[in-house]
Amino acid sequence: MATSKEYMAFILDQLSLIDGISHRMMMGEYIVYIDGKIIAYVCDDRLLVKPTKTALKILTDAPLEPPYDGAKPMILVENVDDKQFLKDLFEKISPELPAPKKKK
């Protein structure tokens with residue numbers, strides 16, 4: 001099941017308080033970037049963030065789920081209704097993410 005356009009629009013609205021957010025569609029699912037760094041996937045109407053040390057501390061009880069078959073597990077964010085929580089989460093884990101790879 002691919003992510004619905006309505007769910008993705010909802011997630012983008014929830015992330016609207018965060019500077020530097022962008023996204024790209026890939027095979028019916030979405031990759032979310034912050035300042036060019038991959039921070040989350042939106043797959044099957046689920047928001048999944050990279051399992052950084054800080055994300056694991058903040059989301060201690062959240063399940064780890066792969067965004068798609070064969071992928072590394074990511075943290076399922078269940079509290080997607082709280083814009084301020086998402087802003088704080090994304091801004092705290094962003095510094096731990098690797099810089100985007102330079103294109104040749």
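**Exercise 1. Is Met-27 buried or exposed, and where in the chain is it found?**

Step 1. Met-27 has a relative accessible area of 82% and is exposed (buried means under 20% relative accessible area, exposed over 50%, partly exposed in between, with a 1.4 Å probe and protein chains only).

Step 2. Met-27 is found in the loop between strand E1 (21–26) and strand E2 (29–34). Strands (E, at least two residues) and helices (H or I, at least four) are DSSP runs, numbered from the N terminus.

Step 3. Met-27 is not a glycine, yet its phi is positive, about 55 degrees. Most residues other than glycine have a negative phi.

The model is predicted: local features need pLDDT of at least 70, side-chain atom pairs count only at pLDDT 80 or more, and totals for chains, interfaces and linings use all residues. Residues are numbered from 1 along each chain as its sequence is written, and side-chain values use heavy atoms, with hydrogens and water left out.

**Exercise 2. Where is Asp-44 found, and what is its relative accessibility?**

Step 1. The loop between strand E3 (37–43) and E4 holds Asp-44.

Step 2. Its relative accessibility is 26%, and Asp-44 counts as partly exposed.

Step 3. Phi of Asp-44 is also positive, near 50 degrees.

**Exercise 3. Find which strands pair with E6, and name a bridge partner in each case.**

Step 1. Two strands pair if DSSP finds at least two bridges between them.

Step 2. Strand E4 (residues 46–49) is joined to strand E6 (residues 74–77) by 3 bridges, and the two run antiparallel. Here Leu-48 has Leu-76 as its bridge partner in E6.

Step 3. Strand E5 (residues 64–65) is joined to E6 by 2 bridges, again antiparallel. Met-74 in E6 stands opposite Glu-65.

**Exercise 4. Describe the fold of the chain as a whole.**

Step 1. Count the elements: the chain has 3 helices and 6 strands. Their order from the N terminus is α-β-β-β-β-α-β-β-α.

Step 2. The radius of gyration is 13 Å, close to the 13 Å of the globule rule for 104 residues, so the chain is as compact as a globular protein of that length. The radius is taken over C-alpha atoms, and the rule is 2.2 Å times the number of residues to the power 0.38.

Step 3. Along its principal axes, the C-alpha trace spans about 40 × 30 × 30 Å.

Step 4. Of the 104 residues, 40% are buried.
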